[in-house]
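Hi,

Here is the model I promised to pass on. Have a look at it first, and then read on for what turned up.

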Amino acid sequence: MKAVIQRVESASVSVEGKIAGACEKGFMLLFGAAKGDTEADAELLARKTANLRVFCDENGKMNKSVLDIGGGILAISQFTLCADVKKGNRPSFTEALEPQKAEELYDFFCKKLKAEGVNRVEKGIFGADMKVSLVNDGPVTIIFDTEIWRKNGN
């Protein structure tokens, strides 16, 4: 399971010209589920995301989490994070989890973010053609891959 997390001042996602989800200070997160990903991966990813300390404290050090600042998360499902680009110039998406299961894990992940204490979790519309707007803060971009933690037993 992969996530691209961007620290933002604000972010929104629209479908057919209508806002589907938005957040103010917090994270805009792109979520990708691959074959073999489980609810345990989603729980781990939610915990790591909620506790990621990339917001500045009173001394200007990245020492606060989205929980500490009372921020929100706009989570957007994006199967293209699971692209295989080893061969040629056209990505293959055969490793992406099939849509029904991916949507279930996406919904589960968002519920787990709330269970971790994130006050506001907004979503895009699964499978839709979405337009994402955001104002980066920093910019700060972090890439998570649960495969790394699985190997290290975290």
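What is the volume of the second largest pocket? It comes to about 260 Å³. Before going further, some ground rules: this is a predicted model, so local features need pLDDT of at least 70 and side-chain atom pairs count only at pLDDT 80 or more, while totals for chains, interfaces and linings use all residues. Residues are numbered from 1 along each chain as its sequence is written, and side-chain values use heavy atoms, with hydrogens and water left out.

Pockets

A pocket here is an open set of points on a 1 Å grid over the protein atoms alone, where a 1.4 Å probe fits, with protein on both sides within 12 Å along at least five of seven lines; lining residues have an atom within 4 Å of a point. A volume is the space filled by probe spheres set on the points, with grid points joined across faces, edges and corners.

The second largest pocket has 15 lining residues, and Lys2, Ala34, Cys82, Glu95 and Glu147 are nearest its centre. Its lining divides into nine charged, five nonpolar and one polar (nonpolar is Ala, Val, Leu, Ile, Met, Phe, Trp, Tyr, Cys and Pro; charged is Asp, Glu, Lys and Arg; the others, Gly among them, are polar).

The largest pocket has a volume of about 350 Å³. Of its 18 lining residues, Ser77, Gln78, Phe79, Thr80 and Gly127 are the closest to the centre. Here the lining has twelve nonpolar residues, five polar and one charged. Strand E3 (26-32), strand E6 (72-77) and helix H3 (99-115) each supply at least two of the lining residues; helices (H or I, at least four residues) and strands (E, at least two) are DSSP runs, numbered from the N terminus.

Cores

A nonpolar core means a set of buried Ala, Val, Leu, Ile, Met, Phe, Trp, Tyr and Cys residues joined through side-chain atoms within 4.5 Å. Buried is under 20% relative accessible area, exposed is over 50%, and partly exposed is in between (1.4 Å probe, protein chains only).

The largest core has 31 residues, and Phe27, Leu29, Phe31, Leu45, Ile73 and Phe109 have the most contacts inside it. Two or more residues come from each of strand E1 (2-15), E3, helix H1 (39-50), E6, H3 and strand E8 (131-145). H3 gives the largest share, seven residues. Apart from this core lies another, of twelve residues, including Val8, Val13, Leu30 and Leu74.

Leu45, in helix H1, is buried at 0% relative accessible area. Setting aside residues up to four places away in sequence, Leu45 touches Met1, Lys2, Ala3, Phe31, Phe109, Phe144, Thr146 and Trp149 (contact means heavy atoms within 4.5 Å). Leu45 and Phe144 are 99 residues apart in sequence, yet 7.7 Å apart C-alpha to C-alpha. Ile73, with the same exclusion of residues up to four places away, touches partners that include Cys23, Phe27, Leu29, Val66, Leu113 and Val121.

Val132 sits in strand E8 and counts as partly exposed, at 36% relative accessibility. Its C-alpha is 4.4 Å from that of Val13, 119 residues away along the chain. Beyond four places in sequence, Val132 is in contact with Ser12, Val13, Met28 and Ile76.

Ala96 is in the loop between E6 and H3 and is buried, at 10%. Leaving aside neighbours within four places, its contacts are Ala33, Ala34, Lys35, Phe79 and Cys82.

Cysteines

Cys56 is partly exposed at 43% relative accessibility, whereas Cys82 is buried at 6%.

Backbone

Two spots to check by eye. The peptide bond from Gly138 to Pro139 is cis, with omega near -5°, and Pro139 lies in strand E8. Glu16 is not a glycine, but has a positive phi of about 50°; Glu16 is in the loop between E1 and strand E2 (18-23) and is exposed, at 76% relative accessibility.

Cheers
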